[in-house]
Amino acid sequence: MQLSTAHHDERLTAPRSWWGIAVLLGLACALMLLPLGTMPLLAGLVGGTALAGLVVSSYGSARVRVVGGALAAGDARIPVAALGEPEILDAEESRAWRTYKADTRAFMLMRSYVPTAVRVEVTDPADPTPYVYVSTREPQALVAALRAARAQAA
């Protein structure tokens, strides 16, 4: 039995500016509670910052992996045997596929702060999903991993 190792593993973390906004939201919560005293002010600062940080962290924790003969993007896990040839999308082309070229049936793991993406046709005739769109900061590495996993599966 041969163990399959991950060919690609990437976490789409939120940009640093979003963390600054989370701190500013905590400060806003603290200022709203300022008239109530010092303890409510501190509770608002800690609670507001923690809540905003939790939202930023959960949104920015999407993972893109090629492991075990499958593309794992967010919650989806798609076998590479059901995928066609991957296509690297530059910033302009990925914007087009996120907007006017988009198909509502497609699976899309989009992050607006990641300019590049990979688009892969779904070749399984039983699957109504036409393609998979995945935002990635490393499109060449993801495409190489998909091709290697497909060659290994064949």
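These notebook entries record what I looked up in the predicted model shown above.

**Basis**

I worked from a predicted model, in which local features need pLDDT of at least 70, side-chain atom pairs count only at pLDDT 80 or more, and totals for chains, interfaces and linings use all residues. I numbered residues from 1 along each chain as its sequence is written, and I took side-chain values from heavy atoms, with hydrogens and water left out.

**Entry 1: salt bridges**

I looked up salt bridges, defined as a side-chain nitrogen of Lys or Arg within 4 Å of a carboxyl oxygen of Asp or Glu. By this rule I noted 7 salt bridges.

I turned to arginine 63, which forms a salt bridge with aspartate 9; their closest N and O atoms are 2.4 Å apart. Arginine 63 belongs to strand β2 (residues 62–67) and aspartate 9 to strand β1 (residues 8–12), so this pair ties together parts that are 54 residues apart in sequence.

I then checked accessibility, where buried means under 20% relative accessible area, exposed over 50%, and partly exposed in between (1.4 Å probe, protein chains only). Arginine 63 counts as partly exposed at 29%, and aspartate 9 is partly exposed at 44%.

I found a salt bridge between arginine 147 and glutamate 85, with the closest N and O atoms 2.5 Å apart. This pair links distant parts of the chain, 62 residues apart: arginine 147 is in helix α4 (residues 139–153) and glutamate 85 in strand β5 (residues 83–89).

Glutamate 85 also forms a salt bridge with arginine 150, at 2.7 Å between the closest N and O atoms. Glutamate 85 is in strand β5 and arginine 150 in helix α4, so this pair ties together parts that are 65 residues apart in sequence. Through shared partners, salt bridges join Glu85, Arg147 and Arg150 into one network.

I recorded a relative accessibility of 41% for arginine 147, partly exposed. Glutamate 85 is partly exposed at 41%, and arginine 150 is partly exposed at 28%.

**Entry 2: arginine 119**

Is arginine 119 buried or exposed? I noted that arginine 119 counts as buried, at 9% relative accessibility. Arginine 119 lies in strand β7 (residues 117–122).

Leaving out residues up to four places away in sequence, I listed what arginine 119 touches (heavy atoms within 4.5 Å). The list is Glu85, Pro86, Glu87, Leu89, Trp97, Tyr131 and Val132. The side chain of arginine 119 also makes a polar contact with the side chain of glutamate 121 at 2.4 Å. A polar contact is a pair of N or O atoms within 3.5 Å; within protein, one must be able to donate a hydrogen and the other to accept it, and residues adjacent in sequence count only if both atoms are side-chain atoms.

**Entry 3: strands β3 and β4**

I saw that strand β3 (residues 70–73) pairs with β4 in the antiparallel sense over 4 bridges; pairing requires that DSSP finds at least two bridges between two strands. Alanine 70 has proline 79 in β4 as its bridge partner. The hairpin has 2 residues between the strands, and glycine 74 takes a positive phi near 65° there.
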